[in-house]
Amino acid sequence: MDFKNKTAVIVGGGGGLGLATALEFARAGASLVIMDGDQKKLEAAGAVLAGQKIPPPALSLRLDVSSAAAVAEAFRLVDQAALAVNFLINAAGLREVKMVYDLSPEEFQRVVNVNLCGVYYCCREAALRMRSLGGGAMVTVASVAGLTGLPHRPAYCASKHGLVGLSRNLALDLGKDGIRVNVLAPGTIRTPMTEAYYSSRAFLDGLDELVPLGSQLGGSQDVARAAVFLCSEAAEFITGACLPVDGGWSAGKSYAIGQSTPYTSAGSGSVGAVD
Ligand SMILES: NC(=O)c1ccc[n+]([C@@H]2O[C@H](COP(=O)([O-])OP(=O)(O)OC[C@H]3O[C@@H](n4cnc5c(N)ncnc54)[C@H](O)[C@@H]3O)[C@@H](O)[C@H]2O)c1
């Protein structure tokens, strides 16, 4: 991949999947604009880049993506620094793990405001600039929770399903302006957001049941490389796609691996629509 003379705006690039993606874009030659809500993470990200002999970000901006005004101001600063917005990666997000009985309306609203509205605000600002440039590419990090229900995550699932729909709409509307829009749907990847899971043997055993390639194989670099691919010329005819990066989890989500299913027990041949 050769992203020389291109700028990648990585929202949520202060840590986790966003930082891993920033590293991959920088290795491919892109200049970076890193945006994140946490100043300490932005500083730590700068240190990680320096540790890998990667030039510092052209801009490092703290913002709360759930504020449309803050997002507009951040992109104004990108313009002021005379940086093009060639690529946008949306990797800022949060989640609440609670059932509907316990999740307050305010908590629901906060997750949707950050995970879904924040992505809309960033896509809008980026699209306006990419249209002027004659094209660009956006990749949003959704989740397997955007493809199927996950327990105890009403707001997270709603926001992630919303991201898949939003990105499909944008792919339709922006294609004529040369702007490609795709979504990644990672399974469980070890980052600060999921770190607590990895001390639970029972959780990992359960995940191994669901993930054909195993729970431990995938890392943040797998999500990062998929984002680089989707922004590259190798993906020039790909838009509106939702790419799972989940070790096969979503391929068989309806049934546990090895379990007998209505499809296997009904024998072969055409039995009409079953779903
Ligand atoms: N790690 C996983 O297993 C996994 C799986 C599927 C999807 N995802 C999604 O990937 C994205 C990145 O997750 P991660 O695992 O890297 O988590 P993370 O917590 O390590 O990183 C999320 C980043 O978003 C930033 N952020 C949070 N709220 C913000 C706000 N209001 N404004 C600006 N920045 C904000 C945080 O400061 C942080 O740097 C999230 O959208 C998450 O839902 C993660």
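This is a predicted model: local features need pLDDT of at least 70, side-chain atom pairs count only at pLDDT 80 or more; totals for chains, interfaces and linings use all residues.

Q: Is strand 1 buried or exposed?

A: Start with the terms. Strands (E, at least two residues) and helices (H or I, at least four) are DSSP runs, numbered from the N terminus. A residue is buried if 20 or more other C-beta atoms lie within 10 Å of its own, exposed if 12 or fewer, and partly exposed in between, with C-beta atoms placed from the backbone. Here, 5 of the 5 residues of strand 1 are buried, so the strand is largely enclosed by the rest of the structure. Thr7, Val9 and Val11 point one way, Ala8 and Ile10 point the other way, and all are buried.

Q: Which way do strand 1 and strand 2 run?

A: Pairing comes down to bridges: two strands pair if DSSP finds at least two between them. Strand 1 and strand 2 (residues 31-36) run parallel, joined by 5 bridges, and Ile10 sits opposite Ile34 of strand 2. Strand 4 (residues 87-90) is also parallel to strand 1, with 4 bridges, and there Ala8 faces Phe87.

Q: What do strand 1, helix 1 and strand 2 make?

A: For handedness, look with the strands pointing away from you: a crossover is right-handed if the path from the first strand over the helix to the second runs clockwise. Strand 1, helix 1 (residues 16-27) and strand 2 make a right-handed β-α-β unit.

Q: Where are Asn5 and Lys53?

A: Asn5 is in the segment before strand 1 (7-11), and its phi is near 65°, positive in a residue other than glycine. Asn5 is exposed, with 10 other C-beta atoms within 10 Å. Lys53 lies in the loop between helix 2 (39-51) and strand 3 (59-62). Its phi is also positive, about 60°, though Lys53 is not a glycine. Lys53 is exposed too, with 6 other C-beta atoms within 10 Å.

Q: How many residues surround the ligand?

A: Being near a molecule takes a C-beta atom, placed from the backbone, within 6 Å of it. The ligand has 29 residues around it, the closest being Gly16, Gly37, Gly93, Thr191 and Met193. Helix 1 gives the largest share of that shell, 3 residues.

Definitions and conventions. Residues are numbered from 1 along each chain as its sequence is written.
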